[in-house]
Amino acid sequence: MARPVQYNSKVKMVEIPEGYSGDGFFATSFDKVIGAARKNSIWPLPFATSCCGIEFMATASSHYDLARFGSERMAFTPRQCDLLMVMGTIAKKMGPVLRQVYLQMAEPRWVIAVGACACSGGVFDTYSVLQGIDQVIPVDVYVPGCPPRPEAILDGFMRVQDLVSQESLRRRHSERYKDLMNQYGIQ
């Protein structure tokens, strides 16, 4: 009698890091194992203020499914997240709040600027709008568009995954990283 449960035969496996494998064992560097684990378990913090947030909601829905990248847990507390996704117009009064949220995140932390407003101020070239969030916090990936399509947000997310998987465990202790943080006034 055939089993009533059918198994998915089209499962895509994550590529294994470089290393040496043999019968019943696999050896690689600790950096690569940690990078693979971090890459597939990023917890995003959505910081959405306008229309780009609606596109992000579509990205998290079942049609685009951000959860297939290991990010099904959206957290709205910075202490539990490692990816800050800034979406929408950021007023200059909101700049210190955004910076405080960034500082409350534990290391390692990454930032995506989603949409033209978060990247460069967008069409709002006024005295009250921050002309890009990189004036207050460092940004790892920029996703252009007004608003960007969910596919573009997923592409930006995958670029962050590539950064995460290739980042050395000691990069955050390097002089170059410390100089970058000092440029933003972050110790």
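Reader: Which strands form the open sheet, and in what order?
Author: Four strands form it, in the order β3-β4-β5-β6, with parallel pairing. Strands are DSSP runs of E with at least two residues, helices are runs of H or I with at least four, and both are numbered from the N terminus. Two strands pair if DSSP finds at least two bridges between them. This is a predicted model: local features need pLDDT of at least 70, side-chain atom pairs count only at pLDDT 80 or more, and totals for chains, interfaces and linings use all residues. Residues are numbered from 1 along each chain as its sequence is written, and side-chain values use heavy atoms, leaving out hydrogens and water.

Reader: Which are the edge strands?
Author: β3 and β6 (141–143). Each pairs on one side only.

Reader: How many bridges join β4 to β5?
Author: Five, and the two strands run parallel. Met 87 stands opposite Val 114 in β5.

Reader: What does α2 lie across?
Author: β3, β4 and β5. α2 runs at about 130 degrees to β4. Axes are lines fitted to C-alpha atoms, for helices over the stretch in contact (heavy atoms within 4.5 Å). Angles run from 0 to 180 degrees between N-to-C directions.

Reader: New topic. Where does UniProt place the "binding site" feature?
Author: The unreviewed entry puts it at Cys 51, Cys 52, Cys 117 and Cys 146. They are spread over 96 residues of sequence, yet cluster in space, with a largest C-alpha distance of 10.0 Å. Such annotations may be inferred rather than shown by experiment.

Reader: Is Cys 52 buried or exposed?
Author: Buried, at 3% relative accessible area. Buried means under 20%, exposed over 50%, partly exposed in between (1.4 Å probe, protein chains only). Cys 52 is in helix α2 (residues 51–60). Beyond neighbours within four places in sequence, its contacts include Met 87 and Val 114.

Reader: And Cys 117, buried or exposed?
Author: Cys 117 counts as buried too, at 9% relative accessibility. Its helix is α4 (residues 116–120). Leaving out residues up to four places away in sequence, Cys 117 touches Gly 88, Phe 124 and Leu 130, among others.

Reader: How many residues has the largest nonpolar core?
Author: 24. A nonpolar core is a set of buried Ala, Val, Leu, Ile, Met, Phe, Trp, Tyr and Cys residues joined through side-chain atoms within 4.5 Å. Leu 84 and Tyr 102 are among those with the most contacts inside it.

Reader: Which element gives the most to this core?
Author: α3, with three residues.
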